[in-house]
Amino acid sequence: MSDAAKALLFLVSCVLTDNFFFTRALGERAALRGAGEMSATVVMGGAVALVMAVSSVAASALYRFALVPLRLEYLYTVLAFGVVAGALFLVLNALKRKNPLNLERPAALHGLIAVSSAALGAALIGAGAEYDFLYGALGGVFGGLGFWLAVVLMAGVRERVALSDVPESLKGLPISLISAGLIALAFLGFSGFARSLAW
Amino acid sequence: MRNDANAARGGAPEPFGYLLAALPALAVVTAGATGLAAGAAALFALILAGLILSALRGLIRPEARAFSFALLAAVAASMADMLLLLIAPKPSAALGPYLPLAALGCALTGYREFEAPDFKAGRALLLTLRRGAGFLIALTLIGCLREALGSGALFGLQLGDAFQPMRLIALTPGGFILAGTLLAVAQWIASKRAKGGEGA
């Protein structure tokens with residue numbers, strides 16, 4: 001199989017079969033709560049995907065070219081979190097005018113909370129022994145695209161649910177979680193596809 | 001209710017909304033033992049980060065407090081991961097990279113108790129302990145239910161041949177649906193208690 005075909009299959013597996021939210025349950029705050037209106041949520045999802053991509057590349061490089069040679073792998077979680085915070089700061093400064101996470105200033109704590117599980121998840125999973133630097137970094141980039149898809153899908157579901165008559169005890173998070181479960185069930189249909197390149 | 005961020009934004013009140021931080025564990029908590037391990041790690045990380053921050057609070061400038069807490073939470077999550085690898089290697093292997101993720105997310109939720117202007121160390125730590133107990137109970141309950149319904153066992157003990165497990169519950173979609181159902185039940189109980197308190 002050519003490298004381009006392998007990369008394409010890897011993209012499909014990151015977006016569909018091993019989606020960061022629907023398969024790995026990461027990025028829960030961004031996907032389940034969104035940012036209010038659909039347009040703001042799309043921008044927010046894109047910003048989180050960008051943070052995932054940037055932090056995944058940087059963290060993968062840090063792990064493979066610095067920590068592994070120096071046998072300091074146990075420091076990876078803390079350093080990866082620092083990389084995520086730095087990536088968030090850079091991305092939000094670049095997107096200052098849009099301010100997609102509605103922060104008062106870049107890298108505020110709730111911004112970190114919003115992206116931490118998705119971006120840190122991309123960094124930690126990418127450091128697995130089965131991936132080299134390229135696929136470890138690409139996993140975060142392609143995973144970010146899949147996460148963006150998940151955020152947009154959940155925003156659409158929330159808009160439909162808002163117009164429905166939902167029982168009181170199901171309002172808010174419960175109905176969002178059940179809806180996410182039903183969409184995840186649909187994504188389960190893609191499992192087995194590109195399994196050999198599972199991320 | 002205090003700390004109900006969603007209600008503050010005009011949404012439905014979510015007294016258990018903070019449990020969302022434990023959601024990353026849903027992908028791998030498919031047994032009671034792993035749920036207990038993940039919950040214990042989250043409790044440990046939450047309390048450790050809170051203890052260190054309350055001790056150093058006076059020495060850290062207010063504008064640096066948020067990032068310092070986040071970094072402390074990351075250190076605490078890392079320590080929880082390493083401790084669990086020593087104490088319980090099988091659940092640690094099952095949880096993999098999701099353990100520090102869940103522990104970190106849970107630890108970060110404790111910051112609200114430490115940023116209040118009327119901060120008192122004892123009260124903040126008690127609230128943190130209560131929150132950590134919530135994570136422990138939630139993750140253990142979800143792990144037990146997923147193991148019982150999805151595999152027909154509980155902490156490794158088979159429940160009997162007559163029971164037909166529902167494989168879906170042990171997968172991520174089933175985890176989402178189960179978590180949503182449990183949250184709905186918890187919110188229903190909380191609203192009944194609130195109405196009963198108003199009526200009295």
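Trainee: How many salt bridges does a search of the whole structure find over all chains?
Mentor: This is a predicted model: local features need pLDDT of at least 70, side-chain atom pairs count only at pLDDT 80 or more, totals for chains, interfaces and linings use all residues, and side-chain values use heavy atoms, leaving out hydrogens and water. Residues are numbered from 1 along each chain as its sequence is written, while chains are lettered from A and ligands numbered from 1 in the order in which they are written. A salt bridge puts a side-chain nitrogen of Lys or Arg within 4 Å of a carboxyl oxygen of Asp or Glu. Over all chains, the search finds 2.

Trainee: Which residue meets A:Glu28 in a salt bridge?
Mentor: A:Glu28 is buried, at 2% relative accessible area; buried means under 20%, exposed over 50%, and partly exposed in between (1.4 Å probe, protein chains only). The N to O distance is 3.3 Å, and the partner is A:Arg29.

Trainee: Is A:Glu168 buried or exposed?
Mentor: Its side chain meets that of A:Lys171 in a salt bridge (3.3 Å, N to O). A:Lys171 counts as partly exposed, at 32%. A:Glu168 has a relative accessible area of 58%, over the 50% limit, so it counts as exposed.

Trainee: How many salt bridges are counted between chain A and chain B?
Mentor: In this interface, 40 residues of chain A are in contact (heavy atoms within 4.5 Å) with 42 residues of chain B. The two chains bury about 3,400 Å², 77% of it on carbon and sulfur atoms; buried area is the accessible area (1.4 Å probe) lost on putting two parts together, summed over both. The salt bridge count between them is 0.

Trainee: Which residues of chain B does B:Phe176 touch?
Mentor: Residues up to four places away in sequence are not counted. In chain A, B:Phe176 touches several residues, including A:Phe21, A:Phe22 and A:Leu177. In chain B, B:Phe176 touches B:Leu23 and B:Leu26.
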